Amino acid sequence: MQRDSASADSGYMRAKVAQERLIAASGLPYSLVHATQFFEFLQGIVDAATDGDTVHLAPVLIQPMAADDVAAAVAEVVVGVPTDGVVEVGGPEQFRLDELGRSTLAAQKDPRSVVSDPGARYFGAALSERSLVPADGARLAGTRLGDWRTRAAHGR
């Protein structure tokens, strides 16, 4: 995930940046994994952006991935040679956050409506176009949203 102005607006992101600086300054070998948002958290994103029956989501890019793919990437990095840097991982597909919110609600037959709101906050943080996507050169996972939804619907 891009570390940009959203970091300044989010206590969580400020803490992550501070932790990473401490790790880098320690002099010990390390690898950091930055993963994009998980498919498993899409419902929480929608719920957090809900006011009554309306969901306010920014029309910015997002590139979510399956938690299983995140775990596999972390495991691979952990057993590898320390990078003394960041390994970014993301999903194989990009979406607009507001459109992804709509498809999430539609998949669950949820009657709430999504409003495309460029000023909508993401857990308190203002977003830029690329705040929720990995940087160029990121490792991309293989699980597509449709495949994940099919597996989730069948309890797998």
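**The second largest pocket**

Mentor: The lining of the second largest pocket consists of Phe39, Glu40, Leu42, Gln43, Thr104, Ala107, Gln108, Trp148, Arg149, Ala152 and Ala153. The model is predicted, with pLDDT of at least 70 needed for local features and 80 or more for side-chain atom pairs, while totals for chains, interfaces and linings use all residues. Residues are numbered from 1 along each chain as its sequence is written, and side-chain values use heavy atoms, without hydrogens or water.

H6 contributes the most to this lining, with four residues. By class, six lining residues are nonpolar, three polar and two charged (Asp, Glu, Lys and Arg count as charged; Ala, Val, Leu, Ile, Met, Phe, Trp, Tyr, Cys and Pro as nonpolar; the others as polar). The pocket has a volume of about 160 Å³. A pocket is an open set of points on a 1 Å grid where a 1.4 Å probe fits, with protein on both sides within 12 Å along at least five of seven lines, and lining residues have an atom within 4 Å of a point; the volume is the space filled by probe spheres set on the points.

Turning to other elements, Val78 belongs to helix H4 (residues 67-79), whereas Glu88 lies in strand S5 (residues 85-90). Val78 counts as exposed because its relative accessibility is 64%, and Glu88 is buried at 17% (buried is under 20%, exposed over 50%, partly exposed in between, with a 1.4 Å probe and protein chains only).

Notes:
Helix = DSSP H or I, 4+ residues; strand = E, 2+ residues; numbered from the N terminus.
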